[in-house]
There are 2 protein chains.
Amino acid sequence: MHVAEMENKVFHIEALREFSTRIFLHFGVPPEDAAQAADVLASADLRGIDSHGVARLYSYFGMLSEGHINPKPRITTVRSTLSTATIDGDNGLGLVVGPQANRIAMDMADKAGSGWVSVCNTNHFGIAGYYVLQALERDLIGWAMTNSTSLVTPLWGMERMLGTNPIAIAFPGKEEPPIVIDMATCAAAFGKIEMARRKGQAIPSGWGIDSQGRATTNPDDTVNGGALLPLGSDRERGGHKGYALAVMVDVLSAVLSGANWGPFAPPFALRLKIPERSVGKGIGHFFGAMRIDGFMDPDSFKRQIDDYIRVFRATKPAPGTNGPLIPGDPEREAEKLRREKGVPLIMPIIEDLRDISRKTGIPFD
Amino acid sequence: MHVAEMENKVFHIEALREFSTRIFLHFGVPPEDAAQAADVLASADLRGIDSHGVARLYSYFGMLSEGHINPKPRITTVRSTLSTATIDGDNGLGLVVGPQANRIAMDMADKAGSGWVSVCNTNHFGIAGYYVLQALERDLIGWAMTNSTSLVTPLWGMERMLGTNPIAIAFPGKEEPPIVIDMATCAAAFGKIEMARRKGQAIPSGWGIDSQGRATTNPDDTVNGGALLPLGSDRERGGHKGYALAVMVDVLSAVLSGANWGPFAPPFALRLKIPERSVGKGIGHFFGAMRIDGFMDPDSFKRQIDDYIRVFRATKPAPGTNGPLIPGDPEREAEKLRREKGVPLIMPIIEDLRDISRKTGIPFD
């Protein structure tokens, strides 16, 4: 363990937001898009999803520097009906293409009751939760999914064939805060394994396999040629279900839009292995939006959600716990704290941001 | 272990279908509805989902006998937009209300590109997979979910608050058979725990808790006042994710339609405890249908699915396995075998059917 890696420093969210915005502007991203992209990253930093905030800026920076991402995409509609569409992101930032595609889904919902958009030719879109929070602001039930670089093995396989392929959906309450679901379809995030590795700690069984396809609790094994396991981990505990969910996300996001699916999803970083085949364009996302009043009176729905939340919070707690949380609780608490006290960043991330600062001349900290 | 329980006998699917149809007719279910209901049960028996086929007929029989289910529902549309609707099932058989609501979703998809239907005032609808297979026959991507009697605890809880709340979705191939996902959102089915109990075997850790909220491997503990665990089992392996998925299914199916959600979902059998509160009407389902050509050329999509299936089948197998399956493989193999060789039923189920036969005068076997 390197002690320096565990040190951290706290930054005001607006300082991080401004730095990200200026970096995107530096590469010719239009001002509105730069602000949009920075907003998605800031949302992750606020909500405590540290792996998806400014920690990713170094990858975006590298991809833009080397011309792997188009800073000024012309986003087009490939095909559409009253409630469905396929969008081509023109290899733009996922942080720009994603929000635009999500708006298209929401606009369709306003007119047709619901809107469903599959997106190809796009890149990493930040946290899936961002998109469903946007839908809440328009009083819609939002859905968001994306495929991503393969890290996860199908049950009974020993190769990285699927991304961590998240699913997000949110439901508004009236007096209570919303239920916000945002979950990867693998047992544990790759970031957690990397953290265990840095600390020299074992990982729980059920998280990953080694390069020979054997269950392992050594994080090095999983990082070095092994793979993550799907949610459910093994056959007995339902690993086939997590695998099926990852396939669902992959097909809706990438097959349905004409993007690269499964093991062919391109990596979101420089110097990572490029898949041997291309079966489409970029990676894929999938967004949905549904008008609540397309199903029931929105006020009644929100009152029921309030009741739902209160009933679930009152569940008798398992021994040694404070009882069930409502999906979205930890992120909301992180946001409250970080808005007040700032966003803590670990030294390796700060060093990355300083490196970007040196290379661009844009001041940081 | 009672040896008699492990004996079984094989029945032709058409014999089971005819018996089910006649039982439904006996209670005044209209002929078309009786055939529809029997078809859903037959689909489960063919696909090897033994718990959801004629094994359930005894519950349907009991509910109809005691007037708990309306044999001649007037199914109505409560609210709709171009692509969404809420349907009131008038307390009909879920095996009749479900297919009707699914048809409404598919009809909307034909016109508007997609259709999304939330259903209240309904009952147990059989296997979720049935509905997405129906969508495949109309060249649509179908979704199906339902809530059900509470058996599952939220992570960190020690009470039954959620049903096994399944999610189904299917994608057609061109030369390859379709990908058919149909999965409960808990770690293991209640039926598996009951089977272990009969055999006097321990259950794997991660399936259930006892009445004190403690992890257990004794199936008796889980059945007697304990609860099932969500997919992911515990916090380390992502139990919060399975819990979130169960909440998603519950809200879409029951809150959005005005049905009973969470612990208030009524049981689907006589002599089970009735929840202390009613927060809506019956249980709830949720159906979706999307036109493939609302996103891309259907022929191209199906060719990509063929490629997808072949790529995933070619995944290097984990040691001691034959490699990954494609979701839907086991059910398709069961169907092939059972169409040829018949459907095996265990003695307790046969006894139930004989009892129904005695009570109704409708011959069985």
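Predicted model: local features only at pLDDT ≥ 70, side-chain atom pairs only at ≥ 80, totals over all residues.
**Chain A as a whole**

Chain A contains 12 helices and 12 strands. Its radius of gyration is 20 Å, close to the 21 Å given by the globule rule for 365 residues, so the chain is as compact as a globular protein of that length. Along the principal axes, the C-alpha atoms of chain A fill a box of roughly 55 × 55 × 45 Å. Of the 365 residues in chain A, 58% are buried. Among contacts in chain A with a separation of 6 or more, 62% are between residues 24 or more positions apart.

**A three-stranded sheet in chain A**

An open sheet of 3 strands in chain A has the order E9-E8-E10, and its pairing is antiparallel. Strands E9 (215-216) and E10 (227-228) of chain A stand at the edges; each has a single partner strand, so one side of each is left without a neighbour in the sheet. Strand E8 (residues 208-209) of chain A is joined to E9(A) by 2 bridges, and these two strands run antiparallel. Within this pairing, A:Gly208 has A:Thr216 of E9(A) as its bridge partner.

**A helix crossing in chain B**

In chain B, the axes of helix H4 (residues 57-65) and helix H12 (residues 347-360) come within 9 Å and cross at roughly 30°. The crossing of H4(B) and H12(B) is left-handed. H4(B) contributes B:Leu57, B:Tyr58 and B:Phe61 to the contact, while H12(B) contributes B:Asp352, B:Leu353 and B:Ile356. By class, the residues of this contact are 5 nonpolar, no polar and 1 charged.

**The interface of chains A and B**

At the interface, 69 residues of chain B are in contact with 69 residues of chain A. Several elements of chain B give two or more residues to the side that touches chain A, among them strands E3 (84-88), E4 (114-122) and E11 (283-291), together with helices H9 (239-255) and H10 (298-313). H10(B) supplies the largest share of that side, 7 residues.

Technical notes: Residues numbered from 1 in each chain as written. Chains lettered and ligands numbered in written order. Axes fitted to C-alpha atoms, helices over the stretch in contact; angles between N-to-C directions. Helix = DSSP H or I, 4+ residues; strand = E, 2+ residues; numbered from the N terminus. Left-handed = near helix turned anticlockwise from the far one by under 90°. Contact = placed C-beta atoms within 7 Å. Nonpolar A, V, L, I, M, F, W, Y, C, P; charged D, E, K, R; others polar. Rg over C-alpha atoms; globule rule 2.2 N^0.38 Å. Buried ≥ 20, exposed ≤ 12 C-beta atoms within 10 Å, placed from the backbone. Pairing = 2+ DSSP bridges.
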